Amino acid sequence: MSGQWLGRASSCLSPVVYASPSLPVSRMNQLRLLPSRLGAQAVRLLAAHEVPVFGWRSRSSGPPAILPSSKDGGSSSYMEEMYFAWLENPRSVHKSWDNFFRKASEEASSGSAQPRPPSVVRDSRSAVSSRTKTSKLVEDHLAVQSLIRAYQIRGHHVAQLDPLGILDADLDSFVPSDLITTIDKLAFYDLQEADLDKEFQLPTTTFIGGSENTLSLREIIRRLENTYCQHIGLEFMFINDVEQCQWIRQKFETPGVMQFSSEEKRTLLARLVRSMRFEDFLARKWSSEKRFGLEGCEVMIPALKTIIDKSSEMGIENVILGMPHRGRLNVLANVIRKDLEQIFCQFDPKLEAADEGSGDVKYHLGMYHERINRVTNRNITLSLVANPSHLEAVDPVVQGKTKAEQFYRGDAQGKKVMSILVHGDAAFAGQGVVYETFHLSDLPSYTTNGTVHVVVNNQIGFTTDPRMARSSPYPTDVARVVNAPIFHVNADDPEAVIYVCSVAAEWRNTFNKDVVVDLVCYRRRGHNEMDEPMFTQPLMYKQIHRQVPVLKKYADKLIAEGTVTLQEFEEEIAKYDRICEEAYGRSKDKKILHIKHWLDSPWPGFFNVDGEPKSMTCPATGIPEDVLTHIGSVASSVPLEDFKIHTGLSRILRGRADMTKNRTVDWALAEYMAFGSLLKEGIHVRLSGQDVERGTFSHRHHVLHDQEVDRRTCVPMNHLWPDQAPYTVCNSSLSEYGVLGFELGYAMASPNALVLWEAQFGDFHNTAQCIIDQFISTGQAKWVRHNGIVLLLPHGMEGMGPEHSSARPERFLQMSNDDSDAYPVSVAADFEVSQLYDCNWIVVNCSTPANYFHVLRRQILLPFRKPLIIFTPKSLLRHPEAKSSFDQMVSGTSFQRVIPEDGAAAQAPEQVQRLIFCTGKVYYDLVKERSSQGLEEKVAITRLEQISPFPFDLIKQEAEKYPGAELAWCQEEHKNMGYYDYISPRFMTILRRTRPIWYVGRDPAAAPATGNRNTHLVSLKKFLDTAFNLQAFEGKTF
Ligand SMILES: Cc1ncc(C[n+]2csc(CCOP(=O)(O)OP(=O)(O)O)c2C)c(N)n1
Ligand SMILES: [Mg+2]
């Protein structure tokens, strides 16, 4: 275990034998041809460079050689090249090299590695021996360079990261062969003990020298150990950017960088006092309540505060945090500064809920707080995003909210708004959404310009050891994919933690990239306060019970060095305990819990002062005809000069122009009209998802591509009006969970934006199921937070197989909260809107472009926000009948929850024998079949457009209009899917169980659709036959 050998690493240079170094075969294969004169040692040294190969022209007469080289420019190989060139002809190299080798060779002949002034006389007879000595000198310098590099790359493997001293943070006790943990390991570099006191020139890739250019080997090793192998473990050498690597080296290697003023130390101590005493206080008052205490990682509070202070100092005004359970109450109290009594009162089991909805446990609630940062004296807004138990699910949500805040402030560089994500070690390694979120970090329409990640790495996940929980060395390895530096730090060294955090904040501000701080700590208690950890981790917990709390260790240190007195320390504790006691006293007066006070994203001005909608009406969603015409003309044009579009696209644009002239729209044009008109009204529209710019079905074409100029694009939607709101349309990474979470977060930031996420096919939305279940369906009930996100889910049985057919309407409907058994007491004028207000989300399946247009506009014109799920069509996008006239979209028109039969059957309803209700695309199949059978007078077809909340009032009207008709529900989905299970009990409620509603559709099935075209068509024909067989239900009972 590392604890055993770490002693050796730190005491360094005592003789212990380790396995000899072995190179991976692949790397050995790279060393194809090596100049023989470099010898075995040089081969090893060069192999120690972890690098791509580059061509090297040998000055010998032999063939060109390929050598591995240093990533930082291959300085060692270059040096050799210069050296051999100089040996052959000193004038063939630059004067500076000539000087260097002259000095070096003279020093070598005098037995010192330290260059001395050049001697004027050169003895040709000593050339051979001088060459040998010089060669040794060069090799030793190379060796030292490699050694420095080895520490930079692998030093973290032996850093003392575990406060318990018993575990290996990288899950491996191996000691890299090229770190000088014992004196005999100098041999790896062909160096000896005698070389320890020789001086060596330092390469430009290290800062350990400070103002010195040379150091003794002993001092070099000491300083490297100090930087890389103590309480901080740095992983950064995989970053493909020399400047960034240099920046990190400078921040950590420069001697004396980790100096703290006594003021800073006292602040740190005071923050630790708060962090620890807060948990102690809760433990004393509510010993048997779950709170997921922070004990063992108390340093997280000063860590987060440092990141915030430092960022505020650099201009950040708004910090958005996401974090899981561990230490969340402590963060609310001591970082966000939620009133303590508001937290304490939550522990009162008798507290009554004042808000509607189910509420949530106290360690999930969010928070928003504006205050003055005491360290920087600047205003800062902090919000902690509410989250579900599902670990890491909040990550993309935080990113989306951050992006939106940056966008609305015009903060393109992320200089004003930033995010911090806190993670648990097991969740960070195990949850795939972490990876999906990282992959958004550098995409233009998704980047938040760098996130600071803090991992509470307590080396356990519930009862599972890290060795059983991950296959990567560290829980943080996922961050390597985006070249984010990873700073591991022993959480029992508060000053090291604070330093690392301040560098992390600076990194984010300098490079606008993600960075990870891995707080290697322990969990003093069980997973929660009720859990017994000794069942499963007996030895670890024996050690934890012996562990002195970090506060005591740090206080002892500061008292010993005279920074604080014992009395001052005790006073600090007493002061905070008093604050807690007083708040506790006040908390007892609180009888009512207002979840509204825990909102993470208030929308000032949108609701009235009580947080209620300003009205319960929705204006008509139609728009003036000239606006429709104008949008139609822009949608059919290319607003940029000299912009050559594809001929196929020209045809599509001409088609749009014709439709506009004829006052009609298809699906794509209706969407254009909805978006364009909202932009005109100052509403930002953002459409995101896989391939949304063109549209999966090649119908949208919101981004035009110049066929002759690479990457020249045009978004006509942004050329509608000079003062319009911006339109964002962006193809996303191939992720559902991450991207939908992101858009949900984006929609949280402001009510004045239409944010839409489109699935490639509706079928794929279930890889984002967690966002749908945990946030979209339930968010308002749990956190009183409105969200108007729109999901566009292409859906329809078209013989495309089981994974390109169904957006699973049944699942959305099953989660809809409208009561199937309760006919609304009153269906007054505001019924439609109040029903929408009461529901958890709106589910629609529009059958006409006009209705799609209206429902998108209604989403914004409503006086509140609800998620909107739209099952969108595929073949209807081009169906000649699926068109709407401007007449259905002009001022005065609005969304139709139900589209009643308006043909021959409606003229003489008493004659009608069957009334078929349906939704979506199957309507067109039904109409065609009815016409082919000539049943227009006998069969009426009514479309349900808004499925949930269920339009009880309109369906009742329709059923009553056809008193002699059998009622049937027809769907193309299988019986156990689609809408039937949802509509059936609601029909029963309307009909008071006096008339049946027969089912017409496919039989129950396990898979949502067949992969066989013929089977698809046969089953379609079968249910259409049933739909128009007027004897089909004769004699059947219900
Ligand atoms: C997605 C998900 N799966 C499982 C759980 C159950 N669970 C709650 S906490 C926890 C362990 C988390 O370990 P870690 O991430 O290391 O955080 P720690 O509790 O150690 O701070 C688990 C498995 C969960 N909340 N979310
Ligand atoms: Mg853990």
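**Covered strands, a ligand shell and an open sheet**

Strand β12, spanning residues 486–490, is mostly covered, with five of its five residues buried; here buried means under 20% relative accessible area, exposed means over 50%, and partly exposed lies in between, with a 1.4 Å probe and protein chains only. Strands, like helices, are DSSP runs numbered from the N terminus (E, at least two residues, for strands; H or I, at least four residues, for helices). The model is a predicted one, in which local features need pLDDT of at least 70, side-chain atom pairs count only at pLDDT 80 or more, and totals for chains, interfaces and linings use all residues. Residues are numbered from 1 along each chain as its sequence is written, chains are lettered from A and ligands numbered from 1 in the order in which they are written, and side-chain values use heavy atoms, with hydrogens and water left out.

Cover reaches both faces of β12: Ile486, His488 and Asn490 are buried on one side, and Phe487 and Val489 on the other. This strand also has paired neighbours, where pairing requires that DSSP finds at least two bridges between two strands. With β5 (residues 232–235), β12 pairs in the antiparallel sense over four bridges, and Val489 of β12 is the bridge partner of Ile232. With β13 (residues 515–520), the pairing of β12 is parallel and runs over five bridges; there, Phe487 has Val517 as its bridge partner.

Attention now turns to the ligand. Ligand 1 is surrounded by 15 residues, the closest being His325, Arg326, Asp425, Ala427 and Asn458; a residue is near a molecule if one of its heavy atoms lies within 4 Å of it. By class, this shell holds five nonpolar, eight polar and two charged residues (Ala, Val, Leu, Ile, Met, Phe, Trp, Tyr, Cys and Pro count as nonpolar, Asp, Glu, Lys and Arg as charged, and the others, Gly among them, as polar). Helix α14 (residues 425–430) gives the most to the shell, with three residues.

Several polar contacts (pairs of N or O atoms within 3.5 Å; within protein, one must be able to donate a hydrogen and the other to accept it, and residues adjacent in sequence count only if both atoms are side-chain atoms) involve the ligand. A polar backbone atom of Ser389 lies 2.9 Å from a nitrogen atom of ligand 1. An oxygen atom of ligand 1 is 2.9 Å from a polar side-chain atom of Asn458, and a backbone N or O atom of Ile460 is 3.0 Å from an oxygen atom of ligand 1. Taken alone, ligand 1 exposes 580 Å², of which the protein buries 74%, with accessible areas from the Shrake-Rupley method and a 1.4 Å probe.

In α11 (residues 328–336), nine of nine residues are buried, among them Arg328, Asn330 and Asn334. Arg337 follows α11 and has a positive phi, near 70°. Ser587 is found in helix α20 (residues 566–587) and counts as buried because its relative accessibility is 5%. A polar side-chain atom of Ser587 lies 2.7 Å from the backbone oxygen of Tyr584.

Elsewhere, seven strands form an open sheet with mixed pairing, in the order β19-β16-β20-β21-β23-β22-β28. Its edge strands, β19 (727–731) and β28 (946–948), each pair on one side only. Strand β16 (residues 684–689) runs parallel to β19, joined by five bridges, and Gly689 has Asn731 of β19 as its bridge partner.
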